[in-house]
Amino acid sequence: MNFSVTTERRDGTAVIALAGEVDLYTAPEFKQELVRAIEEGAQSVVVDMTDTTFIDSTTLGVLVGGLKRLRPSGGRLALVITDPNIRKVFDITGLDRVFPIHETRDEAFEATPARTP
Amino acid sequence: MSATLRLTFPSRAEYLVLGRLVLSGLARVYPIDQSQLADLKLALTEASSNSIRHAYDRDGAGRVEIVYELADTHVAIEVWDEGPGFDAPTEHRDPEALDEGGLGLAIIRAVCDETKLGRHPDGSGAWIRFVRYLDEEEA
């Protein structure tokens with residue numbers, strides 16, 4: 001599957017869907033989208049990796065950077081992951097304790113409400 | 001059945017996917033299950049990415065060489081490059097970023113059964129070798 005990143009808004013939450021393989025080559029595009037969503041006022045972010053087929057430490061770096069940008073304003077970043085091989089990357093790095101991980105987009109959205117201004 | 005394959009590409013991020021595609025092809029021939037394949041792709045990408053990051057410090061010059069050793073019992077992969085290795089600082093590191101080199105090496109060690117780091121015999125570059133055993137129970 002070719003890499004793609006798309007963003008939609010649900011109330012104050014940005015839902016970023018990542019498809020395909022995310023590595024050193026494609027991660028900058030993901031980062032650009034994540035930073036843009038936060039700068040445009042997203043109070044929380046859900047990154048949907050349902051269609052993501054590969055991630056690595058570069059991807060993790062983008063996610064950590066996004067979380068650092070959100071935290072000062074109390075925003076949150078949650079993940080949707082269905083592939084156990086994708087989940088494993090978070091488990092072995094300990095980042096499963098940093099990012100809430102859900103199995104569906106609806107579940108993530110309900111658990112990651114945008115803060116009321 | 002055993003084989004040795006070599007892949008060489010320029011130290012540029014757009015070529016990273018080639019290393020993974022070779023593994024996908026080999027998994028059709030050797031008893032590598034999906035979990036093992038995922039781990040090998042991850043380890044290989046981490047090693048290759050480290051090479052390429054350091055290459056950017058040299059204006060993108062250089063190349064990455066991958067050697068795949070395949071047998072029914074294990075897959076061994078070596079990644080050679082012309083850079084300073086996993087432990088060297090990266091000049092253009094994003095201050096917001098993780099220490100991706102350190103995390104990458106930790107990931108490789110977590111998903112592989114053996115990992116070794118070294119230098120080219122002539123001292124001109126870095127080398128990493130990692131091995132994943134293909135346990136029959138896992139395959």
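Predicted model: local features only at pLDDT ≥ 70, side-chain atom pairs only at ≥ 80, totals over all residues.

Colleague: Then what makes A:Lys88 and B:Asp39 a salt bridge?

Modeller: The term asks for a side-chain nitrogen of Lys or Arg within 4 Å of a carboxyl oxygen of Asp or Glu. For A:Lys88 and B:Asp39 the N to O distance is 2.8 Å, so the pair meets that cut-off. Side chains of opposite charge can pair when their charged atoms come close.

Colleague: Why do you say that this pair joins two chains?

Modeller: Because A:Lys88 sits in helix H3 (residues 84-93) of chain A and B:Asp39 in helix H2 (residues 34-56) of chain B. Helices here are DSSP runs of H or I with at least four residues, strands are E runs with at least two, and both are numbered from the N terminus.

Colleague: And why is B:Asp39 called buried?

Modeller: Buried means under 20% relative accessible area, exposed means over 50%, and partly exposed is in between (1.4 Å probe, protein chains only). B:Asp39 has 4%, so it counts as buried; A:Lys88, at 27%, is partly exposed.

Colleague: How do you know that B:Arg132 and B:Asp113 form a salt bridge?

Modeller: Their closest N and O atoms are 3.9 Å apart, so they fall within the 4 Å limit. B:Arg132 is in strand E5 (residues 126-133) of chain B, and B:Asp113 is in the loop between helix H3 (100-111) and strand E4 (114-119), so the bridge ties together parts 19 residues apart in sequence. B:Arg132 is buried at 7%, while B:Asp113 is partly exposed at 43%.

Colleague: What makes the A:Asp106 and A:Arg10 pair a link between distant parts of the chain?

Modeller: These side chains meet in a salt bridge at 3.5 Å, N to O. A:Asp106 belongs to helix H4 (residues 105-111) and A:Arg10 to strand E1 (residues 4-10) of chain A, 96 residues apart. A:Asp106 has 46% relative accessibility, hence partly exposed, and A:Arg10, at 26%, is partly exposed too. Over all chains, the search finds 16 salt bridges, and A:Arg9, A:Glu33, A:Arg36 and A:Glu40 are linked in a network of them.

Colleague: What makes a set of residues a nonpolar core?

Modeller: They must be buried Ala, Val, Leu, Ile, Met, Phe, Trp, Tyr or Cys residues, joined through side-chain atoms within 4.5 Å. The largest such core has 65 residues, and those with the most contacts inside it include A:Phe90 and B:Phe130. H2(B) gives the most to this core, with seven residues. Leaving out residues up to four places away in sequence, A:Phe90 touches, among others, A:Met49, A:Leu79 and A:Phe99; a contact means heavy atoms within 4.5 Å.

Colleague: Why is B:Tyr15 called partly exposed?

Modeller: Its relative accessibility is 30%, so it lies between the 20% and 50% limits. B:Tyr15 is in the loop between strand E1 (3-10) and helix H1 (16-26) of chain B.

Key:
Residues numbered from 1 in each chain as written. Chains lettered and ligands numbered in written order. Heavy atoms only, no water.
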